[in-house]
Amino acid sequence: QSALVKVDGSSTVYPITEAVAEDFQKEKKNAIKVTVGISGTGGGFKKFCRGETDVSNASRPILKKEMDACKELGIAYYELPIAYDALTVIVNPQNNFIKNMTVAELKAIWEPAAQGKITNWNQVNPAYPDVPLKLYGPGADSGTFDYFTEAVVGKAKSSRGDYTASEDDNVLVQGVSRDKGGLGYFGYAYYIENQKKLKAVSIDNGKGGVLPSPETVENGSYAPLSRPIFIYVNAKSLEKPEVKEFVEFYLKNAPKLVKEVKYVALPGKVYEANRERLAKKKAGTVFGGTEAVGMKIEELIKREAQL
Amino acid sequence: MSDTAVVAARLQEIRRIIARHKRWDLLFALLGLCALMLGVLTFVSLFAQMVVEGGPRLSVDFFTNFPSRRPEQAGILSAWVGSTLVMIVTALAAVPLGVAAGVYLEEYAPKNLMTDIIEINVTNLAGVPSIVYGLLALGIFVYQFGFGQSILSAGLTLALLILPVVIVATREAIRAIPIYVREGAYGCGATQWQVVRDHILPYSSAGILTGVIIGMARAIGETAPIITIGALTFIAFLPPAPFTGEPMAGPFDWVFAPFTVMPIQMFNWTSRPEEAFHQNAAAAGFVLVLMTLTMNALAIWIRYRLRKNIKW
Amino acid sequence: MSPENPVMSSTLVSDAPVAVPLDHVSERFVRRRTRHLRETIIEFILLAAALVSVATTAGIVFILVKESLVFFDHVPLIDFLTDTQWTPLFDDAHFGILPLVSGTLVSSGVALLVAIPLGTIIAIYLSEFAPFKVREIAKPFLELLGGVPTIVYGYFALMFITPLLQQIYPDLPGFNLLSAGIVMGIMIVPYVSSVAEDAMRAVPMSLREGSYAMGATRFQTAVKVVAPAATSGLAAAYILGISRAVGETMILAVSAGMQPNLTWNPLEPAATITAYIVQVALGDLPHGSVGYQTIFAAGLTLMLITLFFNVIGHIMRKKFREAY
Amino acid sequence: MTTATPIVKAEAKDLNFFYGGFHALKGLNMPVYEKKVTALIGPSGCGKSTFLRCFNRMHDLYPGNRYQGAINFFPDQTNLLAEKVDPIEVRMRISMVFQKPNPFPKSIYENVAYGLRVRGEKKRTVLDEKVEEALRGAALWDEVKDRLDDLAFNLSGGQQQRLCIARALATDPELLLFDEPTSALDPIATASIEELVSELKEKVTILIVTHNMQQAARVSDFTAYMYLGELIEFGITDQIFIKPQKKQTEDYITGRFG
Amino acid sequence: MTTATPIVKAEAKDLNFFYGGFHALKGLNMPVYEKKVTALIGPSGCGKSTFLRCFNRMHDLYPGNRYQGAINFFPDQTNLLAEKVDPIEVRMRISMVFQKPNPFPKSIYENVAYGLRVRGEKKRTVLDEKVEEALRGAALWDEVKDRLDDLAFNLSGGQQQRLCIARALATDPELLLFDEPTSALDPIATASIEELVSELKEKVTILIVTHNMQQAARVSDFTAYMYLGELIEFGITDQIFIKPQKKQTEDYITGRFG
Ligand SMILES: Nc1ncnc2c1ncn2[C@@H]1O[C@H](COP(=O)(O)OP(=O)(O)OP(=O)(O)O)[C@@H](O)[C@H]1O
Ligand SMILES: Nc1ncnc2c1ncn2[C@@H]1O[C@H](COP(=O)(O)OP(=O)(O)OP(=O)(O)O)[C@@H](O)[C@H]1O
Ligand SMILES: [Mg+2]
Ligand SMILES: [Mg+2]
Ligand SMILES: O=P([O-])([O-])[O-]
């Protein structure tokens, strides 16, 4: 039986891990095998906390419930942020009255109170024309949704419900690109690949509109909609040489591969910090079982240092 | 009025009525043809679209490569092998189980409340969403029986999923066997099992096959339940072939191997942002339909051979 | 002689055989032990196979009920049944199943409005009108419709049918139950048409002859005699179709909008029970949370709905079958 | 038997029939006289049913069947088998009752009304009247008049057969074909149907197939004996049974056959 | 007719039979003599087939059927209808040939060999020998000896019926039941089967149902006339046909029935 590294979890993180696994296997000439599954962050953690997988992809930090489950079986883990996903707010390309939106405007649109009431662009801002407002977003079971609501509305999972939801972001792309009054949000990669059909909205967080781009994400100016995504590594698995090699390979090659699959790489020092944590065996999460919104990279590193 | 005149008048009346009714005949024949064409054309256009979009991706490499982040290098090797193996397990489980259940209900079961309950139960299972089968299988096959996230678990899950179709088809096929064939066999002193083995099963096999085909066509396209029980998406190696490798694999080791299947690969590519992956998805869809087609063609051929010898 | 004692018109009758002891059974006619045992074992095995489907149901029900019980600890049943909002994963959580039920019923309804007439017409056409060759070729072809991956249908609805409908009805939202239902209907057509055609072909030729002999046309024979005579088989076909429609997932997840919306209007977007279950089962939610458990309560509801239809269908079919 | 020369209602002329490659009827020539009962007898498989079913073009329902020759129908002298004659038109004039009662899965009323509805009759009063008349004609009215909405399947075999006769009568056919109408019935039902046939011939021409020679002798005016697809002998029933011209016929009738 | 006193092979004693609630056979008492042909005649629906099928417990196949009384079988002195008797053992000794030829969709050889295979015979030589013997016994050997692997369906109706007889003969039954074996056949096939029956009785006891009185007269030694589930008259065939004791029987036989 040749060495095997088992990874499962988030579909958002999947493309990165797939790229890493592919290259890793090539480099090891198939002496070490890697498998990657997609059962969602929640499904991934379920397996992870039963000790069935070595690495779990996660598009959000581990939550209280999952921490408890892991603890129950004595599973310790390392939490490694590996990339940024810039949540991108997009509108139909024919929409020429929107270039820039404030977080407050987004909140007015998405907060629960808006349900059934804010149905026209001119209700968002009287300067906007009389065009029906149609909303598109990820399903309420996704990390993206949790993050967006917390960042925009101010409370995780607090959102209006009358929007078209899909787990498949391409469906959202289709929706907004065919709907003149459409507005939606999803991962940056989908915007990059569909720039012809969509228009990104720059986000004004008090300091003028900022469009998502690798630079603005990395320098922290695209806020509060850039979120880190993670892999979690089973501490016991890490004692196995194949898992150790894989994770090291992951951290080493992440900057290059993350870019290749159209996500935004974290600053080099984060990967550095990750390596250090592994070396110093600093297990656990820095988020305490809750969503962390708008956390700057610096803050993240600082928190990690406290582990 | 003469007799002839009366008849002539009547004839005229009849002809008028017939002409009127014939219009309906024609209209309905057209309507039927249109309905048929609607179905057939939908299929043809779906298929054509997959060919047009995915055609350029079809090459030997596409079949022999593992998944990759680079769309032009990504292939479906692990997926088609996985689908084939899972289908084998599914067929091996669903066909005997479904046929045995059908035989029991049709030939053995006393016609009482219990049969009614089993009958309702079977049709009811046909309406349970496939993902629920996945949840069940995760608990039973993966954990309870300890089969793990393997080809075996997946095959059995899909077998449960298509069981109702196989059972219903089996029963219908058995019902079509004329009663006098049974009587002839019993008349020779055959026991119930001998009648089933020597007559009922051979003569109903064509109809059973139809049910197996419909069921397998559904099974090969299922995604959700297989994901639930833990099929992978990236897997760059194949299950161990019997008696190969180091240490040598046993004859059935492959059933416990991790795997992926075509619809998962396809689903994954569909939801990727890059357009090029969507072409891969179309190509995978094309291959999937082709696999279904092959399965169907095989079965239709067998069915034809079986039917040739049997006409009541 | 009385009629009870038949006339024995010959002397032969007098030499009646020796009286037979009442329950004497000669060795030759007693049951062979091994054979009987083998038959019993086989019957038992077959019964066991039949019980697999029962066990499957039991397993499903067990899982659904077990998890639902936890769910109903958090959510009163009355809310579940009467609340008109389904937002279990939102901060302001509501647990009214009705929007999902309405979505399920409307989408299935649309699908059946497509599949049943279309399937029936095709079945009648194939069994009563089409030349032999057309039937033999068209039927397997149609059956292929059931083999196209449903995700392909989902995109077909979204990218082709919806724009097409928007040509006719410009106000149609990009996601709606109508186009999802239509495509689902097309997918189900072979289920209905194949089984229905089998049923109609099984109608004895003597009934057709009776009708034609009265001077009826093909259409009259098909509609007035053959179809009514095949009612039981048609019902089976429809029930299979309904089951398939109610259980379908992917098409709806892709093209219906996934928006829990208490509406009976197929022109609106909505979510169905199945689409909701898949979405959550494969999503980010921590397992074991109330949000995750909603899928079991939803699944249980769906199962009860299908059970309801199935029992009605079963009773109806039995009644019709007795008519023969 | 009446003494006046009977009128020809229909007449087979050099009639041949083929089931695909099988030559089932071989050059038949035979008249059917108006308002008489003509019986077709002969051993099993000799082509009686095949012949009968030519009259209302039943064979058109199955592929591969082929007619040759003519069945001329009077008074309009139509060749029923001609290409350009619509089989539906033929069947509207010539009704048939089958060996096994084959009522439709409908109510008694609707069964009888079926032929009328097929002809486009919708008026309830007309239907009511015709249905009653036909049921009376088939000697069934008294038994079913209170349960016209019952399913036809709930009738006994003999009643079902009489229902089928009523169905055939309702449309005032010019010729009535019976294919062994009593072979599936018990003796009591058989007797009542034989009686009915005798009554019916006052109004309509009847051609009846039977494997029961006693029945042929009882109900028919003319009898035709067929053997292996050929018409061996045709004549007045009494003559056929008392003094057949052909040895073959005699053998068959006296049971010394084989 | 032989002159020696015949031996009783089987005997119905107060036999009643019920299809669910329907009382189909009413207190039948009748012997079946060894190596003789006994014919059952009577109008359609009188219970001939029902009676015949009691002998090999065919009714056991359907739910709701009920026997009462006994059919005693000799020399075993066993009541075939007794609870403890295994119907399969009964059928292994009492073969049946049905009204419609019902060969299995298998080869000619396999059709005949089936009864032997059911009994566990696997030796090819034994099978070959018995199959040939049975086919010769059914007067079919010469016609089919070169095509034993052909499908049975490719035979003509008469050949199929003889094949079914061969199938029944292959297992050396003690009693052979025929249910209207020629009613679906043409006269030539009928004649050959009647001849066969006459030959067979040298080896085996035969009980035959027929609706054809000439046939009964030709082939049987004893005849039983049934009516509405009752046995009206039983006796030596010649006596029954020439001088029946009952008016009812006479009426039926002379065709003056109804
Ligand atoms: N559909 C068919 N295809 C081929 N041959 C047929 C078909 N129907 C009947 N025959 C043959 O045609 C011949 C005449 O059959 P037909 O049914 O007319 O006989 P019949 O005189 O009515 O016999 P019976 O008294 O048994 O009803 C028979 O040899 C029969 O085998
Ligand atoms: N399965 C059954 N259920 C109920 N009644 C039946 C069943 N089979 C036959 N009968 C009835 O039993 C009676 C005797 O039937 P049986 O078949 O023995 O008649 P038969 O003398 O063989 O007539 P035929 O000459 O028409 O074959 C008939 O009245 C028939 O309707
Ligand atoms: Mg006939
Ligand atoms: Mg009978
Ligand atoms: O698969 P996700 O957890 O990233 O939605």
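Reader: What is the area buried between chain A and chain C, and which share of that area do carbon and sulfur atoms give?

Author: This is a predicted model, in which local features need pLDDT of at least 70 and side-chain atom pairs count only at pLDDT 80 or more, while totals for chains, interfaces and linings use all residues; side-chain values use heavy atoms, with hydrogens and water left out. Residues are numbered from 1 along each chain as its sequence is written, and chains are lettered from A and ligands numbered from 1 in the order in which they are written. Buried area is the accessible area (1.4 Å probe) that two parts lose on being put together, summed over both. Between chain A and chain C that area is about 2500 Å², and the part given by carbon and sulfur atoms is 53%.

Reader: How many residue pairs are in polar contact between chain A and chain C?

Author: A salt bridge (a side-chain nitrogen of Lys or Arg within 4 Å of a carboxyl oxygen of Asp or Glu) is not found here, as the count between chain A and chain C is 0. A polar contact is a pair of N or O atoms within 3.5 Å; within protein, one must be able to donate a hydrogen and the other to accept it, and residues adjacent in sequence count only if both atoms are side-chain atoms. With both residues at pLDDT 80 or more, the number of residue pairs in polar contact between chain A and chain C is 6.

Reader: Which residues are around ligand 5, and why is the site shared between chains?

Author: A residue counts as near a molecule if one of its heavy atoms lies within 4 Å of it. Around ligand 5 these residues are Ser10(A), Ser11(A), Thr12(A), Gly40(A), Thr41(A), Ser59(A) and Asp284(C). The site is shared because the residues that surround ligand 5 come from chains A and C.

Reader: How much of the area that ligand 5 exposes when taken alone does the protein bury?

Author: An oxygen atom of ligand 5 lies 2.5 Å from a side-chain N or O atom of Ser10(A), and for Ser11(A) an oxygen atom of the ligand is likewise 2.5 Å from such an atom. In Thr12(A), a polar side-chain atom is 2.3 Å from an oxygen atom of ligand 5. By the Shrake-Rupley method with a 1.4 Å probe, ligand 5 taken alone exposes 200 Å², of which the protein buries 96%.

Reader: How far apart are the nearest C-alpha atoms of chain A and chain D?

Author: Contact means heavy atoms within 4.5 Å, and chain A and chain D do not touch. Their nearest C-alpha atoms are apart by 50 Å.
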